[in-house]
Amino acid sequence: MKITKATFKKAIPSREDEMSLKVENAEAAIPFSESILGFRVSFRKDSPSAMAILSRDDIQIALAENGGDPTQDGCVFEVDDVEVALAEINTNGLKKDMGDILIENHGDTGWRVFYLVAPDGLCYCIGEKQS
């Protein structure tokens with residue numbers, strides 16, 4: 001059985017920078033990003049503080065031990081198909097219902113979105129722009 005995957009088109013930080021998402025333990029945060037979200041580690045460093053760059057499709061994010069509170073950080077991922085993204089994440093082991101997809105407006109743009117929180121507290125919004 002072929003698993004259909006969404007294309008992650010853009011990473012939009014909810015706070016400062018998608019290349020500096022705050023985590024307490026980068027090594028412990030990586031498995032969720034890999035197994036549930038489908039990212040792969042493309043770079044790691046341990047000093048002066050631990051950081052991992054993760055890639056998927058044409059985007060990158062970085063999980064960084066930078067002293068920040070992960071529960072106050074996160075990222076929006078724009079995808080090509082929010083329903084395919086939700087089905088993929090469910091296949092990867094997280095259980096969300098299609099009813100978890102919400103309609104939100106940000107400025108003049110409508111989005112179909114769903115939210116998930118990683119075990120480390122980072123909040124992710126996965127959404128598809130509506131025309």
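Two strands are said to pair if DSSP finds at least two bridges between them, strands (E, at least two residues) and helices (H or I, at least four) being DSSP runs numbered from the N terminus. This is a predicted model, in which local features need pLDDT of at least 70 and side-chain atom pairs count only at pLDDT 80 or more, while totals for chains, interfaces and linings use all residues. Residues are numbered from 1 along each chain as its sequence is written, and side-chain values use heavy atoms, with hydrogens and water left out.

Five bridges join S7 to strand S8 (residues 109-117), and the two run antiparallel; in S8, Thr109 is the bridge partner of His106. Both strands belong to an open sheet of five strands with mixed pairing, in the order S1-S6-S9-S8-S7. Strand S1 (8-13) and strand S7 (102-106) stand at the edges with a single partner strand each, so one side of each is left without a neighbour in the sheet.

The structure also holds five aromatic pairs, where rings of Phe, Tyr and Trp (its six-membered ring) pair if their centres lie within 6.5 Å, and planes under 30 degrees apart count as stacked, over 60 as edge-to-face and the rest as tilted. Phe32 and Tyr124 form a stacked pair, 6.5 Å centre to centre with 15° between the planes, and this pair links helix H1 (residues 26-35), which holds Phe32, to strand S9 (residues 123-130), which holds Tyr124, 92 residues apart. Phe39 and Phe77 form a tilted pair, at 5.4 Å and 45°. Phe77 counts as buried because its relative accessibility is 0%, buried meaning under 20% relative accessible area, exposed over 50% and partly exposed in between (1.4 Å probe, protein chains only).
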